[in-house]
Amino acid sequence: MSAPPTASPPAPDLASRASRWMRKARWPLLAVWLVALAVSGIGASSIANTLSGGGWFAPGADSTAAAHQLEQGFKGRGQTTVTLVVHDQRFTSGDARFERRVKDVAQEVTEDRTLKVSDSYGWVTLGEKNRSSFLGDDRRTATTQLALDLDDGAARRELPVVQQDLTDRFSDQGLEVSLVSPSSFWGEINNLSQKGLAKAELITMPLIILILLLLFRSVTAALVSLAVGVSAIVFTLGLLSPVSQQYELSVFVENAATMLGLGVGVDYSLFMVTRFKEQLAKGESVDDAVAATLRTSGHTVIASGATIVLAMCTLFLIDLNVIFSLALGAVVVVAFSVLAAVLFLPVLLHFLGHRINAGRIRLPRSLRERLSPQGEQDRPEESRPWYRVALKVMARPVTFLAIGSVVLLALAAPAAGLRTFSPDARILPDSSPVRVGYDHVQGAFGVGTTSPMQVVVTTSKPLDTLESSDELTRLNDRLAKLPDVERVDSALPVLKSASPQDPFAVLSGTAIKGLPGDAQDTVRHFVADDNRSVVFEVIPDSRASSDSARELLDRVQKEADALPASMSAVIGGETAEGIDANGVIQDGLPYVILIMLIAVYVVLLVTFRSLLLPLKAIAMNLLSIGATYGVLVLVFQNGLGTDLLNFEQTNYLQNFVPVLLLALLFSLSTDYEVFLLDRVREEYVATGDNTISVARGLARTAPMISGAALLMVAVFGAFGFSGIVPIQQLGFGMAIAILLDATLVRLLLVPAAMRLMGSWNWWMPGRSSRPSHPDEPVAKDTEEEANVLARR
């Protein structure tokens, strides 16, 4: 008799083949990785010098056009225009020493070769009788406008250095010298972002290491996990460094990439290393453990990363450079986090093998089981607290679903009053020399002086020959009479004093040359040298972001629209720029939301092979995001707890924060959904019992999800408490959202919803209600037994 044929071993799957290839090529792969890391590190170390504080101008908007028109042809205005603010703490304007000290400061500043001052206009250039408008009510503050022959990017790099030098040089003399302008403001933001980033890293790194040690109870595993996140950040900044030299990238990209890289990269490695250790504990070989890790956690990491990348890519639909920069940084760092987790990390696991547990840390048993995903791996699911919690929730699904939803909706309610605007000087600390300059100008000249509305009118003919030039005189008068207007600065007072009947006739070549030098300078400060452009500066009586300033802008726009066809007007200034930027975000937001929802749904559909589970996940995400918005409004707009948290109440959210949070939180919430439901599906394949599979899946993943959430809350919270206001709002919002998602949503809403949906969770047309798995026996647990356990 012939021997019965033996069954041939099954062909290795993709994960097994990948694991074997990585083991064989581990030395070349490690070498390539280390070389690439070193090269990227060089670029990453210099990226701060090339990032821009800009990116707020809306392409094609009137405010952008106004800014460009004011760059040339006007006295005291240039590519970059700054206001030199000198505040004398010892003397007032009636003292000759005050005049000498202010002029000495101005001379040193204008002779600074770094600034390349090409022109000036103000207190030091005008005679004693004509400079009163440049002296503050406190009689201690004098201002002069300087035109710099520097483009905006160069100005933002150079101004902080010059500002620090001026502060060091004059503070001992009782002089507070500041350079005030959007360029100096954003240059200061660059510096503060760097300091905040360094401070956040100092806080975050020890926290991450401590949490990883508690979770892994192994020094080696903690360091390996941290290496993944750090690698992703270095690769990202190294790649973006040459990009930032060719294209404008916002300074916030470095903070966002670092914050997200630490959060997501370390999280992904946590799930991978935990699964690897779990497989080793089952007695599998290193090869098989790596293969199983890639097959399960690796698959989940890829699905999660794809979700985040697709969600962030939708932000490219918003045509605003600051949004583009942040989205680009997020996409790149998440892509590198996935690459590091599924390529670099498995190589390290092959090198380490069982040494992944080296450097064990002993904890008390109760603490070990509560904190560590490894602490419960040998215990049956039925004896774990998470299992019992899930069953109790699913025993009363309607009650728990209602309670969780009501809590989230109550937190979301304040979001109805959400307001957004672009950042202003209040996000700078009180000690900042630039903030000091802003405060002196606002205190001595009026709060709206630092944010005038600039009505730039261009005429079809030179103003001195234009028949309808008297329309400009009437425009000036109408603007001055508008509510909430402090004053209107223009050339008309000088022109009227020379020619009351026909002011603009003075602009003719012979007439204007007959004016005194101060008068000529004043005229040319507001009228371009081609006599075809004129600017009216409307000074509001409130800050640029206030409701009254926004309403005033609408009224100013209506007055400008009433000009005859021979004139065209554009309105610039901080209020107009902020509203235009908000408009770009609001116009693109519906498309972002629609495409994001479709992309997330498709990824979850492919991942879970279910039509309804993705809809449930999306609904849960929207609830948690709404609650996060509500908390941010309560804290930053309404001021609830700002003193306790040491936050700045701005009465609005930075305009890029809500839309960025939408994409980030939607994808990160989906991240946890993928990790949880992937494990639930594994159990459902094995048991066919919906209730038991949810309880077992939650029991298996809850320690990891809690640990991952703790990591993210620590990372995002550290950035929130150490960064400037936009990063405060972003980091704090993400920390709150992750906290809500990992507790209220995952522990209550998800089990309750899945219990109510029953077998519909896994419904897919043309497929059996229960996916089959040939290698797993059907568990004997039934829903009735689950209810008995829940009652215990």
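Guide: In this predicted model, a nonpolar surface patch is made of residues with over 30% relative accessible area and no salt bridge, nonpolar side chains being joined within 5 Å.

Visitor: Which residues make the nonpolar surface patch of about 670 Å²?
Guide: One of its members, Ile598, has its place in helix α20, which covers residues 574–608. The patch of about 670 Å² is made by Leu317, Tyr591, Leu594, Ile595, Ile598, Val602 and Val606.

Visitor: How is α19 directed relative to α20, roughly parallel or roughly perpendicular?
Guide: Helix α19, residues 547–561, packs with α20 at an angle of about 90°, and their axes are 10 Å apart. Because angles of 65 to 115 degrees count as roughly perpendicular, α19 is to α20 roughly perpendicular.

Visitor: Which residues of α20 are met by Ala549, Arg550 and Leu553 of α19?
Guide: By class, this contact of α19 with α20 has four nonpolar, two polar and one charged residues. On the α20 side, the residues that Ala549, Arg550 and Leu553 meet are Thr575, Ala576, Ile579 and Asn582.

Visitor: How many nonpolar residues does the contact of α24 with α25 have?
Guide: Helix α24 (residues 690–722) and helix α25 (residues 725–757) pack at an angle of about 170° with their axes 9 Å apart, and they are therefore roughly antiparallel to each other. The residues of their contact divide into six polar, two charged and, as the nonpolar class, 18.

Visitor: How many residues apart are Glu278 and Arg679?
Guide: The side chains of Glu278 and Arg679 meet in a salt bridge, at 3.1 Å from N to O. Glu278 lies in helix α8 (residues 252–281) and Arg679 in helix α23 (residues 656–687), so that the pair links distant parts of the chain, with a separation in residues of 401.

Technical notes. Residues are numbered from 1 along each chain as its sequence is written. This is a predicted model: local features need pLDDT of at least 70, side-chain atom pairs count only at pLDDT 80 or more; totals for chains, interfaces and linings use all residues. Side-chain values use heavy atoms; hydrogens and water are left out. Patches are made of residues with over 30% relative accessible area and no salt bridge: like charges are joined within 9 Å, nonpolar side chains (Val, Leu, Ile, Met, Phe, Trp, Tyr) within 5 Å. Accessible areas come from the Shrake-Rupley method with a 1.4 Å probe; for residues, only the protein chains shown count as cover. A salt bridge is a side-chain nitrogen of Lys or Arg within 4 Å of a carboxyl oxygen of Asp or Glu. Helices (H or I, at least four residues) and strands (E, at least two) are DSSP runs, numbered from the N terminus. Axes are lines fitted to C-alpha atoms, for helices over the stretch in contact, and angles run from 0 to 180 degrees between N-to-C directions. Angles under 35 degrees count as roughly parallel, over 145 as roughly antiparallel, 65 to 115 as roughly perpendicular and the rest as oblique. Contact means heavy atoms within 4.5 Å. Ala, Val, Leu, Ile, Met, Phe, Trp, Tyr, Cys and Pro count as nonpolar, Asp, Glu, Lys and Arg as charged, and the others, Gly among them, as polar.
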